[in-house]
Amino acid sequence: MKRNELLLDVIGEVKDEYLQEIDSRIKRVRHRRMWKRGLLAACVILIVGIAVQFAVMFGGGLGSRGGGFSAEGLVAGGYYFHQTRDGDVFRYTPEEGSDRLLKSSILDRWKDIRYPITANDYGFYYSKGDWIYRIKHGETKSEKLYHHESKPNYLYLYPAGANDIALRVSYNRADVMTHDELLIIDGITGECKTVIMEQGIPAQAYDSLSIDDRNFYAEQEALLVSHTVYADTVTYTVGDRTLELVYQAGKEWYDYTYRLTENGKTLYNGYVEPYNVRTVGDSLVFTVGRGGNNIDKDLNGYVIVSPDGSNHVVNVPSVPGNEKFFFTVKDMDDGQDILAVRVNDNEKFKLKWDRAEERHARDIYSDGSYLWTMGFDGKKGDYLASCYRIEYENGIPTALTLIDDDITDNN
Amino acid sequence: MEDEKIVALYWARDERAITLSKEKYEHYLYTIALNILASLQDAEESVSDTYVGAWNSIPPHKPVVLRTYLGRITRNLSLKRYRYWHAEKRYGGETELALDELSEVVPDTQTAESEAERRELIRILQVFLASLPSDQRMIFLMRYWYLHPVAVIAKKLGYSQSKVKMTLKRTRDSLRDLLNEEGLL
């Protein structure tokens, strides 16, 4: 045996404790390494968890449901726009069955704000900060449309004909309304076309009031009335027809109403709202107002003015569909019926309804070709929107065919 | 199962002792054998012979740490196998490298291998190892007891390979100096 072989051999005779020392050291190193890896994995899991939670809380897509409590549905341009409870806005295209995130509120979610939105034939509109933004139909890019003076306390958007929108803003100081205005904005150019109502109360007028004064509210009302200015007329056009809404003083300051006229002739024996004017086909749909002499009446209805010179009134509580049919939902003992209301004569037609589950439709929306229902789904524990195609026979709506049980599945 | 119970089975001449030893330490024993022999077939025979060796030596032995007891048998059997085959074929494994490295400590010359010289070498080695810091001792034994490659030692202990190589060089130099002082060179 060589000497180096002998040395290697005798090294085998070392004490057990030295070998155990190595074993325990290796275990310690391995344990430390595993601990580090575990810590790293925990960090990754934590980060992913936070990201997922963030997405669920604030993000579009993950956990963001298209139905959502008080989600508003808007039908315009062949699309169905709906806003989630988180504020995300989706645009659903029924032909494609796609639901596209149009406006994410992920960066503003912490403010717990849902954007005021509306839509018309030209595009979709939303308000954020001091600006009204527009997204043209078929596009996804937001464009600034209109800037208002300062951040209002309340802001609402409504459709106002084919291409315009109505903007209502309120500026409050404490609990006292100090300024309120309602404007018609050109939805294409951003130009303010009409100021329907303006109510600028000088600050010193309020400063002279004391909230402890028992006449405070009466004096406040008097101030509101004396400082409120209404537009005498608001103009809309339908084809070659020019419609003028003529201001009628109501019983209360907020009771502003307009009479619908054409060439000085009243078209409807009642009052209509100067905003919330929608389109069905080439016709304009005015909402019957509750102001003026109608203030105490439980009115629901629409005045449909068509370019061919015809005018129709739908007095059944319903939602606009197309120029021939509006739609309504009726609670029955064994569920709900959906009825088509013929614009010509208000005759109702019950539709065979391929109903999604046993979901109770809280609201319906339609464009005459499709009908969307939004209601609470007990199984999924959320408000969901379904889309149906309206089937016609001999020009009469006969059935609803379910094409999408939950449109948010397509997000 | 605890080592104590496995050893008790050896003492009771219960063949389950071998099965349990295999289950618990086969991977460990294969590592030692493969480090020395660099041949799976030879390592397999060494490990297999280890169980026979344990069966034959327990009793009378009653190892406190079964793991190192079995590992020691595997090491000895593997080194024997290495020497047996070394004349005919080169393994190219860690043993040759380790022997080359140890030839820096003691000359690569034939020795009569008297029992007295062996015992003296063991004594000096024990003194030498006891004098080493723990980390240095571990690196030395992982290299020359387990025949682990430098890369494996570095990974298992969490050191860089250069540190392991440098530590081994210094340890070998120290051992050579001690052996020189003791007149064994």
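Biologist: What share of the residues in chain A is buried?
Modeller: Of the 411 residues in chain A, 38% are buried, where buried means 20 or more other C-beta atoms within 10 Å of a residue's own, exposed means 12 or fewer, partly exposed is in between, and C-beta atoms are placed from the backbone. This is a predicted model, in which local features need pLDDT of at least 70 and side-chain atom pairs count only at pLDDT 80 or more, while totals for chains, interfaces and linings use all residues. Residues are numbered from 1 along each chain as its sequence is written, and chains are lettered from A and ligands numbered from 1 in the order in which they are written.

Biologist: And how many helices and strands does chain A have?
Modeller: Chain A has 4 helices and 29 strands, both taken as DSSP runs numbered from the N terminus, with at least four residues (H or I) for a helix and at least two (E) for a strand.

Biologist: Which strands make up the open sheet, and in what order?
Modeller: The open sheet has 5 strands in the order β25-β29-β28-β27-β26 of chain A, with mixed pairing, and two strands count as paired if DSSP finds at least two bridges between them. At its edges are β25 (352-353) and β26 (360-366) of chain A, each of which pairs on one side only. Within the sheet, β27 (370-377) and β28 (382-393) of chain A run antiparallel and are joined by 8 bridges, with Leu371(A) having Tyr388(A) as its bridge partner in β28(A).

Biologist: Which residues touch the most other members of the largest nonpolar core?
Modeller: That core has 82 residues, and those touching the most other members are Tyr125(A), Ala166(A), Ile196(A), Phe286(A), Phe327(A), Ile364(A) and Trp372(A); a nonpolar core is a set of buried Ala, Val, Leu, Ile, Met, Phe, Trp, Tyr and Cys residues joined through C-beta atoms within 7 Å. Strand β28(A) gives the largest share of this core, 6 residues.

Biologist: What is Trp372(A) in contact with, leaving aside its neighbours within four places in sequence?
Modeller: Trp372(A) is then in contact with Gly73(A), Tyr80(A), Ile364(A), Tyr365(A), Ala385(A), Ser386(A) and Cys387(A), a contact being two residues whose C-beta atoms, placed from the backbone, lie within 7 Å. Another core lies apart from the largest one and has 48 residues, among them Leu79(B), Leu102(B), Met142(B) and Trp145(B).

Biologist: Switching topic, how many residues does each chain give to the contact between chain A and chain B?
Modeller: Chain B gives 34 residues and chain A gives 23. The residues on the side of chain B divide into 18 nonpolar, 8 polar and 8 charged, with Ala, Val, Leu, Ile, Met, Phe, Trp, Tyr, Cys and Pro counted as nonpolar, Asp, Glu, Lys and Arg as charged, and the others, Gly among them, as polar.

Biologist: At what angle do α1 of chain A and α5 of chain B pack?
Modeller: Helix α1 (3-11) of chain A and helix α5 (94-102) of chain B pack at about 110 degrees with their axes 9 Å apart, the axes being lines fitted to C-alpha atoms over the stretch in contact and the angles running from 0 to 180 degrees between N-to-C directions. That makes α1(A) roughly perpendicular to α5(B), a term for angles of 65 to 115 degrees. The contact involves Asn4(A), Glu5(A), Leu7(A) and Leu8(A) from α1(A), and Ala98(B), Leu99(B) and Leu102(B) from α5(B).

Biologist: Last one: is Gly264(A) buried or exposed?
Modeller: Gly264(A) is exposed, because it has 7 other C-beta atoms within 10 Å, and its place is in the loop between β16 (257-262) and β17 (265-266) of chain A.

Terms used:
Parallel < 35°, antiparallel > 145°, perpendicular 65-115°, else oblique.
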